[in-house]
Number of protein chains: 2
Amino acid sequence: MDKEDTSTQSQTDVLIIGAGPSGLMAAYWMARYGVDARIIDNRDTKVFLGHADGLRARTLELFDSMGFQHRVIQEGSISTEANIWVPGPQGNIIRQAQIDIFRVDESPFHNTRLNQGRIERFILDSIREHSDLDVERSVIADSLEYDEELSNDPNSYPITVKVRVLGEDDSNPPCGQEIENGSEAADNVLNRSNLLPDDWADLAPRKKPRKTQVETIKAKYLIGCDGAHSWTRKQLDIPVEGSNTDHIWGVIDVIPLSDFPDIRRVSVVNNAAGTILVIPRERGLVRFYVPVQTCEAGATERFDRSKITLELIRARMQAILAPFTFDFKECSWWTVYQVGQRIAAQSTKDNRIFLAGDAVHTHSPKMGLGMNMSMQDGFNVGWKIALAVAGTLKPEVLETYASERHPLAEMLLDFDRHWSPIFTDRKPGAKASDMALIAGRFEDFADGWKVFYPASSLVRKAEDNAEFAFARHMIPGERVRPVKLRNHADGGTQWTTRVLESDGRFRILVLAGDIRNPMQRQRLETLTRGLAGQSGSNISPLSRYLEIPGRFKSPVDVLTIHTSPWKEVEFFDFPEILRPFDPVKGWAYDKIWCDDACMFDRYCDGTAYEKWGVDRVLGALVIVRPDQYIGWVGELGDVEELTQHLDGILVKKSATGEFDQAL
Amino acid sequence: MDKEDTSTQSQTDVLIIGAGPSGLMAAYWMARYGVDARIIDNRDTKVFLGHADGLRARTLELFDSMGFQHRVIQEGSISTEANIWVPGPQGNIIRQAQIDIFRVDESPFHNTRLNQGRIERFILDSIREHSDLDVERSVIADSLEYDEELSNDPNSYPITVKVRVLGEDDSNPPCGQEIENGSEAADNVLNRSNLLPDDWADLAPRKKPRKTQVETIKAKYLIGCDGAHSWTRKQLDIPVEGSNTDHIWGVIDVIPLSDFPDIRRVSVVNNAAGTILVIPRERGLVRFYVPVQTCEAGATERFDRSKITLELIRARMQAILAPFTFDFKECSWWTVYQVGQRIAAQSTKDNRIFLAGDAVHTHSPKMGLGMNMSMQDGFNVGWKIALAVAGTLKPEVLETYASERHPLAEMLLDFDRHWSPIFTDRKPGAKASDMALIAGRFEDFADGWKVFYPASSLVRKAEDNAEFAFARHMIPGERVRPVKLRNHADGGTQWTTRVLESDGRFRILVLAGDIRNPMQRQRLETLTRGLAGQSGSNISPLSRYLEIPGRFKSPVDVLTIHTSPWKEVEFFDFPEILRPFDPVKGWAYDKIWCDDACMFDRYCDGTAYEKWGVDRVLGALVIVRPDQYIGWVGELGDVEELTQHLDGILVKKSATGEFDQAL
């Protein structure tokens, strides 16, 4: 009876379990698309210290499209090289090599370290800016039912999750979300002095109900972002392949007291006593990965973590860094973990329930890839589900989550298996060449430049995956390489990562070439008649598809980037459909951009077309997906092919005839 | 009896009246130095929309030193050129000139537009990060008493201010702080949708007491930042010189609906119907300054502002921009003002009470200088008072507030008198040359590159104000020209504007030159013995002065900037005093910087020494004040002269002998 009183029923379009980085990235899209969604987490508060800290440049590109990369850059610590230390001739250790780990001009951003708690803060702030969606904390999922028979009806609620909202008297069970396949031993005291003010309000747990409340939530879609020990995955009986390795590592975030010269530079230090990884962090912190124990080879049982203390880790550090000194008084966070290399057999159930992040893949954290991969999972599945729920995306496109992300999870584990021996192989020496070799093979993947998304409804590849001659470096399935452009109307400069804002729309990039050329001007006008639906087929890809309700009249936006010198053409020289007029907001001044060098900005150097492999006179036509990956590339006149591509993705308005019929 | 019940007495070291930009800048220093201070404001809330919007690059340099320039850049709109439009041959208007208004490489930042409300937000957040100081709103100052006899005792409380804390039933009197000598007519509805989330909490007025409360506050120092109609200034009977001009202007912040080509570029449009100024802003807004009425020449009475409506301003805009179209549906803020050019006769009373910002100078807002000058006033007076209250600064240094800032207020009015006729002269044409002329004459001043601070205890000028041969472009009394350096320990790059953080300390810049050179290495070691007090005079300028209580053991910090190639020297190659060890924080990795080109950052190009006019081998020695102005320049060995300079500013520890005696 008492229980009945506090039991409620409700429904939501999307339920997200787990408010770590991957769950928050998915929630970001719910906020941007204005979708009815909920996100629950069993912890009382967000993360504040420790946990993941590695941000790849590609992740900062995503953050820029979400509007907060500047906060990461302000607070984070960048890494531009890796140093290798090996035993020297006199029982000392010596710097064997300094390896550049950045590539000039590939991205505006660099590998950066900043703790997960700050990243959660920034995504939470961004969600708040766009909706009332908020994380419901201290909420435990108890049971999951899934009705397969409803799976083909996109308007049905095949998912039923019972949750408990913990009351004042409940003690929270151990945290289910961890950065990797290990367990935690953080014993820090959190207080205002070690947090930034914008986190203070989250320091105190939310007000809980007096008694535990039970709620039954029916949902159209469920995203399980609940970590390595994913409750969602277990409910679905999805098997996990792989195993724990036999290596136990400690991780400490400390203010080091040391005369080791490279303590503020990424370094691998290897000697007979073992191999450690040195990762400088924000606010004077340095993270160290320290081997603390080796299990019996092949042992599958969990190690006895109670034996691993902070003092033991300190002593191991001292042994490996000797003869350099090492100690610390301030430890912000530490933990011990057993490296597990595991991958879930599937990352979806019928494209109604999805797994993302550590729920799919766990591996060694040392390369700083885990949080990035997890956030990109959440980013990938989030926009697709939200746009499907909005009614704008064809539900079958949801299949691309698994086809795009699962191979990357496998690649990640492959990478990890190649990389890990560097840290566990006790034989000193030859590390620099190993690192360079692996860096060379996996660089594009690790940095996130290449994701290898395969052909699908979202990605139209050239035959034999060849490049397209008219846009040689615009590879469908890969990201748009960031360049800095000049806004035609106001003359200010912006990186494309920000111009291609993650607002939920597909974008047609009209690479207009040089419009001073009369022939090209003609081609541009032909194109714009096509975009306006005034050409032979009478179909405008801009007004053909269902709106994003409450957000955008069309899920397709147009951006023009031309190569005429900035001072030689005017904003109003461009056809009106490329800079449309809104009766309240006026002309769309943010739609016309110029690839011209700019005196006051060294990064705006007029090389966008070169970097994209596009002819400066002739231009090209590109479709960019809402997540900034390239979907389709064509010549400037290919409006019909462009529309055909979008027809495979987006739901047409009922009044719009089939494309095939119109032809 | 009722009144007595709610009347209290209290004392504070510093009372700031007015929480606009100048008051908040002063309050920033109270927070950084940990000084006992209060800041009151008669308004119920902060500013949200409209008001001042122009930020000069120099102001962004200050913001960088305070830690939030990245937020301004993310949100603001930059201006890099100015366009002049004049009547054309067929009754139309034509673009006569495009004038570059930025100087390449002079600053990392550009002239930027962002509304005052956001700037207040950022300073408030920064204050919160460093202290519990918060603005007390809805508080009205009623009376001021000043006891001159106490003026020479720095520990006395010569100031008595009675304030009323408004209760729930009080209606707030009209706002006393305005951007200039005009009055406001904003009639916008504020709500969440037109504000950013971090301002939402300030949208609702604070909880007020039920009844009005009266408080008597005794203070050591008072700063009146209470605007053009300064209550503080009136209490002191300080006369104001100057007068209203005969020109009435409207200001509107709107989303324009117009086919005028330069509506998103700073423009002056001049035709027979009048002259308007076009200032593009953040979030699609454009500000227009529009002449609406001319009083009788010399008329001193206030104009009848009730006659000026938004519709009248719209019609004037349409007349002046014709034949281009102009209209708007969204107006975020508007006001009408009469240009007043006025300056207070004094900006201090006995160096115990100070006036800052509009309380000292009012002028035309069109050049976007007012908020900058006001903030720099607050910044200048703030650190001095706070450091004097802390007991570290000699009280007589407070005289430099008036000697440094008052001449600039006069220069500002001079500038305004030269500039204003461009907007009020009805004769079309010749505007471009006028603008170029004035830009040339006042550019350094307007942009804030040059402040012309005269010789004083804080500024040691060369004879005849000549340059110093060993640091030709390091001019005492001017700012440190920003350059980008590479941190020696971690390899990351930073602008000096951020490295020279406004944390309250004086900084000795050890421009160490190239330490690979054995002779130079010798000179550096001699210098560091001097800094350590191990040379002839036995005086260490680093341990000689009183601490900043609760903040820093020494008010003098040391930063080293060398020219050896980054990869060829090590952090530990530098003498220990330049990278001191702290038992908890370890070695000071943030103290050694390198002027070397850096492959991954185009702005870190190894030209700092060239820009500063310093020999790359021999280096120099520089004292930078807490506000980043250069105080003193010397050769690398001049420790005794350096110490003599600091002796004129800072209070020595009682155990430290007089410098003259020690010699």
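In chain B, strand S24 (residues 556-562) and strand S27 (residues 592-594) run parallel and are joined by three bridges. Strands here are DSSP runs of type E with at least two residues, helices are runs of H or I with at least four, and both are numbered from the N terminus. Two strands are said to pair if DSSP finds at least two bridges between them. Within this pair, Thr560(B) stands opposite Ile592(B) of S27(B).

Before I continue, please note that this is a predicted model, in which local features need pLDDT of at least 70 and side-chain atom pairs count only at pLDDT 80 or more, while totals for chains, interfaces and linings use all residues. Residues are numbered from 1 along each chain as its sequence is written, chains are lettered from A and ligands numbered from 1 in the order in which they are written, and side-chain values use heavy atoms, with hydrogens and water left out.

To which sheet do these strands of chain B belong? They are part of an open sheet of seven strands with mixed pairing, in the order S22-S21-S27-S24-S23-S28-S29. Strand S22 (493-495) and strand S29 (630-634) of chain B are the edge strands, each pairing on one side only. On average, neighbouring strands of this sheet are turned by 30 degrees against each other, direction ignored. Helix H16 (residues 639-647) of chain B packs on the sheet and touches strand S23 (506-513), S24, strand S28 (620-624) and S29 of chain B; contact means heavy atoms within 4.5 Å. The direction of H16 makes about 10 degrees with that of S28(B).

I turn to a pair of helices. In chain B, helix H9 (residues 370-389) and helix H10 (residues 399-419) pack at an angle of about 175 degrees, their axes 10 Å apart. Axes are lines fitted to C-alpha atoms, for helices over the stretch in contact, and angles run from 0 to 180 degrees between N-to-C directions. H9(B) and H10(B) are therefore roughly antiparallel, a term for angles over 145 degrees. Among the contact residues are Met373(B) and Val381(B) of H9(B), and Tyr401(B) and Leu408(B) of H10(B).

Next, chain A. Strand S17 (residues 326-344) of chain A is largely enclosed by the rest of the structure, because 14 of its 19 residues are buried. Buried means under 20% relative accessible area, with a 1.4 Å probe and protein chains only. S17(A) pairs in the antiparallel sense with strand S13 (residues 240-258) of chain A over 15 bridges, and Asp327(A) in S17(A) is the bridge partner of Leu257(A). Two bridges also join S17(A) to strand S20 (residues 361-362) of chain A, again antiparallel; there, Ile343(A) stands opposite His361(A).

Finally, salt bridges. How many does the structure hold? Over all chains there are 103, each being a side-chain nitrogen of Lys or Arg within 4 Å of a carboxyl oxygen of Asp or Glu. One of them joins Arg479(A) and Glu61(A), with the closest N and O atoms 2.7 Å apart. This pair links distant parts of the chain, 418 residues apart: Arg479(A) lies in the loop between helix H12 (431-447) and strand S21 (484-487), and Glu61(A) in helix H3 (residues 57-66), in chain A. Arg479(A) is buried at a relative accessible area of 6%, and Glu61(A) is buried at 0%. In chain B, Arg287(B) and Asp253(B) form a salt bridge at 2.7 Å, N to O.

Technical notes:
Angles under 35 degrees count as roughly parallel, over 145 as roughly antiparallel, 65 to 115 as roughly perpendicular and the rest as oblique. Buried means under 20% relative accessible area, exposed over 50%, partly exposed in between (1.4 Å probe, protein chains only).
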